[in-house]
Amino acid sequence: MDFFLQPLNLGLLLIALVSGALLVRQTITPGGKSVSPQVAIALTDKEGGVLVDVREEHEVAVEHIQGSLFIPLKALPSQLAKLEKYRKKPVVVVCAAGRRSAAGCQILSKAGFEDVSQIDGGIQAWEKAGLPLKRGKAPAKA
């Protein structure tokens, strides 16, 4: 019992408990898995999925992934019908860096979409991977 009362060991135990709790939280929280930009391309091209950009219009107007559907995160819950044909296909969500796409994945998963993922690192990772981006005019909203 003295082992757990030593300050260093108590700190390590606390770190282990917090890490475990965060891992469990991530596991039970509905949402999508993170995929690389290359895997996102494979999911959308080879498996008939769709890429959904949940950024704001002014962000998408600067640059976006050609062929992606534009549905801002705040509008996603009311626009789910536009994604209905992808309910059983891969839906890959993208934002600037990953925070909003995680929220988008949660919305889609809770709505019953079966294969939801997000691009790990968002549009920044896409660009860093050297993949093409369309610059200029934002695509029409889905």
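Predicted model: local features only at pLDDT ≥ 70, side-chain atom pairs only at ≥ 80, totals over all residues.
Just after the helix comes glycine 48, which takes a positive phi of about 70°.

Let me now step back to the whole chain. There are 6 helices and 7 strands, and when we read along the sequence they follow the pattern α-α-β-α-β-α-β-β-β-α-β-α-β. Of the 142 residues in the chain, 35% are buried, while the accessible surface comes to about 8,500 Å², with 61% of that area belonging to carbon and sulfur atoms. If we take the contacts with a separation of 6 or more, 72% of them are between residues 24 or more positions apart.

Five of the strands form an open sheet in the order 1-6-5-2-4, with parallel pairing, and its edge strands are strand 1 and strand 4 (69-70), each of which pairs on one side only. Strand 5 and strand 6 run parallel and are joined by 4 bridges; within this pair, proline 90 has aspartate 115 of strand 6 as its bridge partner. Helix 5, residues 99-110, packs on the sheet and touches both strand 5 and strand 6, and its direction makes about 175° with that of strand 6.

Which residues does glutamate 47 contact, once its neighbours within four places in sequence are left aside? They are Ala42, Lys89, Pro90 and Asp115. The C-alpha atoms of glutamate 47 and proline 90 are separated by 7.0 Å, although the two residues are 43 residues apart along the chain.

That leads me to the salt bridges, of which the count comes to 8. Aspartate 115 takes part in one of them, its side chain meeting that of lysine 33 at 3.0 Å, N to O. Because aspartate 115 lies in strand 6 and lysine 33 in strand 1, this pair ties together parts that are 82 residues apart in sequence. Lysine 33 itself counts as partly exposed, at 45% relative accessibility.

Another salt bridge joins lysine 88 and glutamate 114, with the closest N and O atoms 3.3 Å apart. This pair links distant parts of the chain, since lysine 88 is in the loop between strand 4 and strand 5 and glutamate 114 is in the loop between helix 5 and strand 6, 26 residues apart. Are these two residues buried or exposed? Lysine 88 is exposed, with a relative accessible area of 65%, and glutamate 114 also counts as exposed, at 54%.

A further pair is glutamate 127 with arginine 135, whose side chains meet in a salt bridge at 3.1 Å, N to O. Glutamate 127 counts as partly exposed, with 36% relative accessibility. Salt bridges that share partners join Glu63, Glu127 and Arg135 into one network.

I will finish with glutamate 59, which lies in helix 4, residues 57-62. Its relative accessible area is 19%, and because buried means under 20%, this glutamate is classed as buried. Apart from its neighbours within four places in sequence, glutamate 59 is in contact with Ala96 and Arg100.

Terms used: Residues numbered from 1 in each chain as written. Heavy atoms only, no water. Helix = DSSP H or I, 4+ residues; strand = E, 2+ residues; numbered from the N terminus. Buried < 20%, exposed > 50% of the residue type's maximum accessible area, 1.4 Å probe, protein only. Contact = heavy atoms within 4.5 Å. Areas by Shrake-Rupley, 256 points an atom, 1.4 Å probe, with all protein chains shown as cover. Pairing = 2+ DSSP bridges. Axes fitted to C-alpha atoms, helices over the stretch in contact; angles between N-to-C directions. Salt bridge = Lys/Arg side-chain N within 4 Å of Asp/Glu carboxyl O.
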